[in-house]
Amino acid sequence: MHALPARRLHRFAGLVRSGDVAPATGPLRLGVDLGTANIVLAVVDGGDQPVAGAWRGATVVRDGVVVDWLGAVRVVGELKTQLEDRLRARFTAAAVAIPPGIDAGTTKVFGNVLEACGLAVDEIVDEPVAAATALGVTDGTVIDVGHGTTGVSLLDDGAIGFSVDEATGGHHMTLVISGALGMDYDAAEAFKRDPANADLVFGLIRPTLEKMATIARDALRGTADPGTIHLVGGSSSFPRAVEVFTEVLGHPVVRPADPLFPTPLGTAMRRSQP
């Protein structure tokens with residue numbers, strides 16, 4: 001990952017976590033990422049520099065399908081209002097990220113969420129394309145380890161060559177921890193996220209990480225050159241996840257410092273400058 005995209009991504013992550021607003025130049029653009037575990041909104045300026053962001057944990061999407069439409073509308077609407085109040089601006093349109101490979105009817109539901117929040121659909125962006133935009137790459141492989149699924153996409157000149165999405169993600173890690181330690185699901189999720197438990201958690205979830213990496217290896221089998229393999233998604237955040245993926249894939253893997261945020265940031269960014 002080049003220095004400029006890395007700085008931009010780090011800046012955006014800081015804005016989301018702090019609630020701060022950065023100076024802007026030129027027209028603002030809003031992006032909406034309806035994730036399996038989090039909804040994240042991103043705002044960039046005319047130069048695609050991050051200006052603000054907002055997020056909230058939400059389980060409105062499962063396996064690429066919006067399963068709680070009203071919940072999605074409520075959260076996106078509230079986060080939009082927060083950003084408008086901070087920025088003293090009003091948004092009438094937004095880009096939205098979608099899982100790759102979903103059908104037209106499912107795609108329309110993602111757009112309907114925006115429209116119910118008073119937002120015209122400015123652009124519909126495949127999640128791996130959005131992540132690649134934020135990372136500053138047009139060719140290579142994006143592995144997105146989400147809460148519900150592991151997605152593998154091969155990019156060629158900024159377009160998806162192929163994409164595979166299978167049901168193994170952070171949710172399954174939490175189930176493993178819950179069963180092993182006799183905790184209920186919410187307690188296991190909190191235990192998983194606590195850095196103080198990192199070594200024990202890694203020992204428990206390593207087989208799940210290996211399964212995710214195997215999904216990627218199988219998807220890329222027969223690919224002449226996967227290019228640089230980029231690991232993104234909140235469930236790839238564990239310190240030794242890169243080690244596991246590199247070992248299983250037999251190919252170097254890189255991960256940004258803030259792997260949860262490439263997709264929402266890239267959703268807001270423009271694919272080409274006007």
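In which sense do strand 1 and strand 6 pair, and over how many bridges? I find strand 1 (residues 29–34) and strand 6 (residues 93–98) paired in the parallel sense over three bridges. D33 stands opposite A97 in strand 6.

Ground rules before I go on. I am looking at a predicted model, where local features need pLDDT of at least 70, side-chain atom pairs count only at pLDDT 80 or more, and totals for chains, interfaces and linings use all residues. Residues are numbered from 1 along each chain as its sequence is written, and side-chain values use heavy atoms, with hydrogens and water left out. My helices (H or I, at least four residues) and strands (E, at least two) are DSSP runs, numbered from the N terminus.

I looked up the whole sheet next: five strands, open, in the order 3-2-1-6-7, with mixed pairing. I count two strands as paired if DSSP finds at least two bridges between them. Strand 3 (50–57) and strand 7 (120–126) are the edge strands, each pairing on one side only. Neighbouring strands are turned by 20° against each other on average, direction ignored. My angles run from 0 to 180 degrees between N-to-C directions, and axes are lines fitted to C-alpha atoms, for helices over the stretch in contact.

**Helices on the sheet.** Helix 1 (residues 3–18) packs on the sheet and touches strand 2 (38–44) and strand 3; contact means heavy atoms within 4.5 Å. The direction of helix 1 makes about 55° with that of strand 3. Helix 3 packs on the sheet as well, touching strand 1, strand 6 and strand 7, and its direction makes about 150° with that of strand 6.

**Helix 2 with helix 3.** The axes of helix 2 (residues 69–87) and helix 3 (residues 104–116) come within 9 Å and cross at roughly 45°. I therefore log the two as oblique to each other; under 35 degrees would be roughly parallel, over 145 roughly antiparallel, 65 to 115 roughly perpendicular, and the rest is oblique. W69, A72, V73 and V76 of helix 2 make the contact with V109, N112, V113 and A116 of helix 3.

**Helix 5 with helix 6.** Helix 5 (residues 170–181) and helix 6 (residues 185–193) pack at about 105°, with axes 8 Å apart, so I call them roughly perpendicular. Among the residues that meet are M173, L175 and I177 in helix 5 and Y185, F191 and K192 in helix 6.
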